[in-house]
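Me: Hi! I'm new to reading protein structures, and I'd like to go through this one with you. Could you start with a contact and take it from there?

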Amino acid sequence: MTLRRISPALVAHGGAGGRGPAADRSERRHALLAAVRRGADLLREGGSALDAVQVTVVELEDDPRFNAGTGSVLTSAGTVEMDASIMVMERRRAGEARISAGAVAAVSRVKNPLMLARAIMEETPHVMLTGSGAHRFARRAGIELCRSEDLITARARERWSARQLQLRNPSASTAARSTVGAVAIDSKGNIAAGTSTGGIPGKIPGRVGDSAIIGAGTFVSAQGAASATGHGEAIILAALCREAVAALSGRSPSSVARHAIATLLAPGKAEGGIVIVDCKARIGFAHNAAAMQVATFDSAELRHFWVEPLTRAGTS
Ligand code: ASP
């Protein structure tokens, strides 16, 4: 049986959260577009959805303006602890599909946690490794380790200090959260998703968020893929990405994305966002935070959006 060729698609988000300063927004817009362009180039040349997701997310992990890899936000103790996950559905002959996933939690010495998650998926019988075991495996797998301090930017340190003051004098933070994630489908119909983050600022050391949890922050099935951002505890409780992908049969990704944020997160008043691609290469995204930026590649076109938030009352 010959497989039908699909026009590939890719969607990436740069986190749902505060709007951040205007100058910063334009830089983050360019950076997100540049990362999606790299993934799109790969898909255009016949590359896989998995590689496209990796290239896009790794580029953002290396960009200190995003909360993932270098530039991650700090824990309450002023340390870095990053979470990441990746998942793929690969089409085989005669309608068979293979699903695999890998994840890391609370790693502090890995430049690109998403690459480590992929190595765990491809080279171990496990789905998730954490902390020191993950670091040991990274060394064996040839994944670049660094000093934890190398991941801490001056800006992350400043935000941490400001937060320490804020804790004594609480007020709503307008800082952009800037977790990163991407979903893609390639021309062979393989589907992948990946998410990477430093977590939420001021988290208790050892806290693991949704970005490390398959089904919560990242999920893929033969129907499609999703990557989430926002309040990790609520996203875990809602199994947000799994629920959204399960709802794809028969519905468009944009209606599923809006519905998932409105019905699964908003009743608990949690803030979050989601990006989705389905098996027909249709895309969707939604959020209910102050801001979320998304860059898309579909129908051979690259686009960027500052997505309008859903109103608390409705799904549009
Ligand atoms: N979802 C991430 C976490 O809770 C944070 C974010 O997306 O901003 O760790």
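Reply: Happy to! Leaving out residues up to four places away in sequence, Arg-242 touches Gly-215 and Phe-219. Contact here means heavy atoms within 4.5 Å. Before we go on, this is a predicted model, where local features need pLDDT of at least 70 and side-chain atom pairs count only at pLDDT 80 or more, while totals for chains, interfaces and linings use all residues. Residues are numbered from 1 along each chain as its sequence is written, and side-chain values use heavy atoms, with hydrogens and water left out.

Me: Thanks! Where is Arg-242 placed?

Reply: Arg-242 is in helix H7. Helices (H or I, at least four residues) and strands (E, at least two) are DSSP runs, numbered from the N terminus.

Me: OK, switching topic. Which residue has a positive phi of about 45°?

Reply: That's Ala-239, which has this positive phi although it is not a glycine. Most residues other than glycine have a negative phi. Ala-239 lies in the loop between H6 and helix H7 (240-246), and with 25% relative accessibility Ala-239 is partly exposed.

Me: What about Ala-300, what is its phi?

Reply: Ala-300 is not a glycine either, and has a positive phi of about 60°. You'll find Ala-300 in the loop between strand S11 (291-298) and strand S12 (301-306). At 56% relative accessibility, Ala-300 counts as exposed.

Me: Got it. Now salt bridges: how many are there by the rule?

Reply: The count comes to 15 salt bridges. The rule asks for a side-chain nitrogen of Lys or Arg within 4 Å of a carboxyl oxygen of Asp or Glu. Side chains of opposite charge can pair when their charged atoms come close.

Me: Can you show me a few?

Reply: Arg-44 and Asp-41 form a salt bridge through their side chains, at 2.9 Å from N to O. These two are separated by about one helical turn because Arg-44 and Asp-41 are 3 residues apart in helix H1 (residues 22-44). Arg-44 is partly exposed at 47% relative accessibility, and Asp-41 is partly exposed at 33%.

Another salt bridge joins the side chains of Glu-233 and Arg-207, at 2.8 Å from N to O. Glu-233 is in helix H6 (residues 232-238) and Arg-207 is in the loop between S6 and strand S7 (218-221), so this pair ties together parts that are 26 residues apart in sequence.

Me: Are Glu-233 and Arg-207 buried or partly exposed?

Reply: Glu-233 is partly exposed, with a relative accessible area of 30%, whereas Arg-207 is buried at 14%.

Me: What does Asp-298 form with Arg-303?

Reply: Asp-298 and Arg-303 form a salt bridge, and their closest N and O atoms are 3.1 Å apart. Asp-298 is buried, with a relative accessible area of 12%, while Arg-303 is partly exposed at 34%. There is also a network, in which salt bridges that share partners join Asp-24, Arg-28 and Arg-155.

Me: Which residues does Ala-9 contact, leaving aside its neighbours within four places in sequence?

Reply: The contacts of Ala-9 include Leu-43, Val-183, Ile-283, Phe-297 and Asp-298. Ala-9 is found in strand S1 (residues 9-17) and is buried, with a relative accessible area of 0%.

Me: Last one! How many residues of helix H3 are buried?

Reply: In helix H3 (residues 113-123), 8 of the 11 residues are buried, so the helix is described as mostly covered by the cut-off of under 20% relative accessible area. Among the buried ones are Pro-113, Leu-114, Ile-120 and Met-121. The buried residues of H3 pack against several elements, including helix H2 (49-61), strand S2 (82-91) and helix H4 (131-141).

Key: Buried means under 20% relative accessible area, exposed over 50%, partly exposed in between (1.4 Å probe, protein chains only).
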